[in-house]
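Please consult the sequence and structure below while reading.

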Amino acid sequence: MIHTPKIHIPQVKIPATYMRGGTSKGVFFNLTDLPERCQVAGEARDNMLLRVIGSPDPYGKQTDGMGGATSSTSKTVILAKSNQADHDVDYLFGQVAIDKAFVDWSGNCGNLTAAVGSFAINSGLVDATRIPENGICTVRIWQKNISKTIIAQVPITNGEVQETGDFELDGVTFPAAEVPVEFIAPVDPSEAMFPTGNIVDDLEVPGVGVFKATMITAGIPTIFLNADEIGYTGAELQEAINGDPAALERFETIRAYGAIKMGLITEISEAEARQHTPKVAFVAPAKDYVTSSGKAVLASDIDLHVRALSMGKLHHAMMGTAAVAIGAAAAIPGTLVALATGNAAGEGSESVTFGHPSGTLKVGAQASEVNGAWIVDKAVMSRSARVLMEGWVRIPGDSF
C-alpha cells in the first residue's frame, strides 16, 4: 500500500531586523515588506506578529519565536515613510503578550524609540539630504499609537549610523553610542494630564485598600503609589515581587481600578484586554541599595526610587515611556513623585535621577501651568540602540 505524504504549507520569509533599543529588544519591520494583508491593522497582522514572537506560549518561554519571555523582549515595531508634515517616519508599536493571543496597540515603547531612528536611516525612510556625512542626524518620528512627535538624535560616522561608543545605560551590559530622545508635547494641551483633575487622589481598591495616587497621562498613562503604603521600601529588585503571585494579583487589581478612575476603561473586566496601559509604579525617597548586577548605589547618587510594572511583572529597569511620566510628574509640585524627591516639600524639578532595579536613569522635563492646567513641553532622556541581527524571519504560511 502506497501512502501519500501529507502536504504542509511552507514557511513564509519576511524581511526583518532584530534590534535593541534602550533596555528593550524587538523585531522591526518596514511596512512595505509585510505580506499585503498584514500591511493594514487587523487579525492577519496580529496573528503574524504573534507567530513571529512565539506567542501564545503556555510554557511562558517563547521558544518557537523571537520573543525573550519578558515584556521587554516581546515587542514588535512597524515603520513607514511618514505622511505627516515635517516628519520622517511613522512608528507603530505592538506589545505582544506572552501567554495570550493578544497584541496591545494602546501605547508606545519609549526604549525602542531609540532604535527607530537608526532603522529608519538604514532602511531609506529618511531623506538622504538630511543625513550628514559626519555628525548628528535628527530623525523626526511620528508615534502612531499615541499621535505624538518624538525626536531622535542619531550619531553618523562616514555616512552610516554610529552604533558603538562609550555611553553606558544601566540595564544594558555593554556600552554603545548615545542617542538623545526628546518626547515633544507628551501631553496634548487639549487633554488633561491628570484625568481625575487632581494631582493626588485617594484610590479605593475594593479588597485591597485605599492609597494615595498620582494618576498622570504623560508618555504613557501611569499610576504612581507610595511604596510604604503598599508594604515596600521602594528599593526592591524583580524577584521580591515577581516571585510573589499574591503581590502581582494585588498590583493588577490596583491597575484595573486605577484605569477606571482615569477613564481608560469602564468595566474591570476590560483591564485584561488592555495590559500595556496604564502602568503601575511606586516611589520612595532616596536610599542606598544594591542593583540586580550587584552594583552599590548611594542615596546621594539619586533623587528618589521608582519601580514600575509592565505587562503584569516588575520591570528589570524602567520603561522609556514611564520615564517620561516620571520626569513630567517630578516637574509638577505636589505629585507623589515630586514629594518623594524631598525637594523643597515637593516642589517640581526640571530633571531627576531615579533608582530602578538595574541602576539609575536621569530624565528631564519642562512643565508649566497655563490657565490652571499643567502643560509639559517636552521630556528628554538618553538611550542607546544597535542592530543585533538582520535578514528574514520565517513563519508558517497558514499562521496568519
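In what follows, Ala, Val, Leu, Ile, Met, Phe, Trp, Tyr, Cys and Pro count as nonpolar, Asp, Glu, Lys and Arg as charged, and the others, Gly among them, as polar. The model is predicted: local features need pLDDT of at least 70 and side-chain atom pairs pLDDT 80 or more, while totals for chains, interfaces and linings use all residues. Residues are numbered from 1 along each chain as its sequence is written, and side-chain values use heavy atoms, without hydrogens and water.

The structure holds five cavities of 30 Å³ or more. A cavity is a set of points on a 1 Å grid over the protein atoms alone where a 1.4 Å probe fits but cannot get out, and its lining residues have an atom within 4 Å of a point. Points are joined across faces, edges and corners, and a volume is the space filled by probe spheres set on them.

| Cavity | Volume | Lining by class |
|---|---|---|
| Largest | about 90 Å³ | six nonpolar, three polar, three charged |

Residues lining the largest cavity include Phe251, Arg255 and Met311. Its largest lining share, four residues, comes from α4. Helices (H or I, at least four residues) are DSSP runs numbered from the N terminus. Among the residues around the second largest cavity are Val154, Glu163 and Ala385.

Threonine 321 lies in helix α5, residues 320-330.

How values were computed:
Helices (H or I, at least four residues) and strands (E, at least two) are DSSP runs, numbered from the N terminus. On a 1 Å grid over the protein atoms alone, a cavity is a set of points where a 1.4 Å probe fits but cannot get out, and a pocket is an open set with protein on both sides within 12 Å along at least five of seven lines; lining residues have an atom within 4 Å of a point.
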